[in-house]
Amino acid sequence: PDPALFQGALDWAGLTPAEALHLGDDPLLDVDAARRIGMEAVWVNRAGTPWPEDLEPPVAEVRGLGGFAALLEDSAVGV
């Protein structure tokens with residue numbers, strides 16, 4: 001997506017990209033797009049597919065929203 005979509009959400013929330021974490025299920029349209037404006041991103045990989053070799057890996061990968069909740073609770077992860 002257009003980075004303006006992410007920037008609009010950040011502006012609405014009153015956050016900078018460094019203060020936000022994006023959760024997305026599409027490597028290019030979600031994870032990479034969010035990172036292009038400076039946001040950290042977590043990949044929701046429900047199907048267990050491999051990450052595209054031509055993209056930098058996400059900060060974390062989870063299988064679903066339960067895994068994301070556990071990730072947020074785990075202070076050792078650093079996201």
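**Exercise 1.** Find out whether Trp43 and Trp51 are buried or exposed.

*Solution.* Start with the cut-offs: buried means under 20% relative accessible area, exposed over 50% and partly exposed in between, with a 1.4 Å probe and protein chains only. By this scale, Trp43 and Trp51 are both buried. Now step back to the whole protein: 35% of its 79 residues count as buried.

Before you go on, note that this is a predicted model, where local features need pLDDT of at least 70, side-chain atom pairs count only at pLDDT 80 or more, and totals for chains, interfaces and linings use all residues. Residues are numbered from 1 along each chain as its sequence is written, and side-chain values use heavy atoms, leaving out hydrogens and water.

**Exercise 2.** Work out how many aromatic pairs there are, and which kind Trp43 and Trp51 form.

*Solution.* Rings of Phe, Tyr and Trp (its six-membered ring) pair if their centres lie within 6.5 Å; planes under 30 degrees apart are stacked, over 60 edge-to-face, the rest tilted. The count is 1 aromatic pair. Trp43 and Trp51 have ring centres 4.8 Å apart and planes at 70°, so they are edge-to-face.

**Exercise 3.** List the elements of the protein in order from the N terminus.

*Solution.* Helices (H or I, at least four residues) and strands (E, at least two) are DSSP runs, numbered from the N terminus. The protein has 3 helices and 3 strands. Their order is α-β-α-β-β-α.
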